[in-house]
Amino acid sequence: MIEIDRNKIYESHGFKFKNFVCLTEEEKRTVLEWRNSPEIRKWMFNSDEISLENHLQFIERLHTRSDCYYWLVYKPDGEPIGVFDITNIDREKNLTECGDYAKPKRFDDGFYFLRECLYFYFNILEIEKNYTEAAVDNRNIHTLNTFFGIEYNGEKEVIENGQVSKFLTCDSFNRDIFNSKYQLGFRDFLQHIKNNKI
């Protein structure tokens, strides 16, 4: 894993990854608006709305944290498309957990967004292995994840505000598996959906 520079805007095939600590006030508010939208927060461990004050405090703490990093992702045309993060960093094992969400109501970009986030993770940040979690009933992300080589091999439950949420987990996804899939395009993904009757 490389030494991550919070002040650097990383590029991957035209996509740009701008660290949260470098965001403008407008970008910070945009990210919060996305995160608080019902279609995004319903999949989060904590599905509560986040206040602007808490959001800004969280970003401020990221300046000194080395256990997690968050980026606002831009498409090659300059449009912000989603958020990508790495957390629970284990440098000794070269393993982290990553998370992402695309801009609400832009599901057509989800394939390219996730593909480039995974490329950034494995080939630019140079992280060897990935731990993945996804809500049991989030079929859209399961379809994408399995296409890119994630095979769920576990489950976990999270209790938040007295409600139990179930997540599928995978601890065997690695760079070689992803890189063997990276050149596949959207047509291949559609064929994957057809073949698996998804």
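The legends below describe close-up views of a predicted model.

**View 1. The largest nonpolar core and its most connected members.** This core holds 36 residues, of which Phe-17, Trp-71, Phe-84 and Ile-86 touch the most other members. Two or more residues each are given by strand 2 (15–19), strand 3 (69–74), strand 4 (80–90), strand 5 (95–102), helix 4 (110–124), helix 5 (139–147) and strand 8 (163–174). Helix 4 supplies the largest share, nine residues. In soluble globular proteins, nonpolar side chains tend to be buried together.

**View 2. Surroundings of Phe-17.** Neighbours within four places in sequence are left aside here. Phe-17 contacts Lys-8, Ile-9, Tyr-10 and Ser-12, and it also meets Trp-71, Leu-72 and Val-73.

**View 3. Strand 4 and its pairing with strand 3.** Strand 4 is largely enclosed by the rest of the structure, because eight of its eleven residues are buried. Strand 3 and strand 4 run antiparallel and are joined by six bridges. Within this pair, Asp-85 of strand 4 stands opposite Tyr-70. The hairpin made by the two strands has five residues between them, and Gly-78 takes a positive phi near 95°.

**View 4. Strand 4 and its pairing with strand 5.** Seven bridges connect strand 4 with strand 5, again in the antiparallel sense. Phe-84, one of the residues that touch the most other members of the largest core, stands opposite Asp-100 in strand 5. Four residues lie between the strands of this hairpin, and in the turn Asn-94 has a positive phi of about 55°.

**View 5. Arg-175 and the residues it touches.** Arg-175 belongs to helix 6, which spans residues 175–179. Its relative accessible area is 19%, under the 20% limit, so Arg-175 counts as buried. A polar atom of the Arg-175 side chain lies 3.0 Å from the backbone oxygen of Phe-122. Not counting residues up to four places away in sequence, Arg-175 touches Phe-122 and Asn-123, together with Glu-126, Ile-127 and Glu-128.

Definitions and conventions. Residues are numbered from 1 along each chain as its sequence is written. This is a predicted model: local features need pLDDT of at least 70, side-chain atom pairs count only at pLDDT 80 or more; totals for chains, interfaces and linings use all residues. Side-chain values use heavy atoms; hydrogens and water are left out. A nonpolar core is a set of buried Ala, Val, Leu, Ile, Met, Phe, Trp, Tyr and Cys residues joined through side-chain atoms within 4.5 Å. Buried means under 20% relative accessible area, exposed over 50%, partly exposed in between (1.4 Å probe, protein chains only). Contact means heavy atoms within 4.5 Å. A polar contact is a pair of N or O atoms within 3.5 Å; within protein, one must be able to donate a hydrogen and the other to accept it, and residues adjacent in sequence count only if both atoms are side-chain atoms. Two strands pair if DSSP finds at least two bridges between them.
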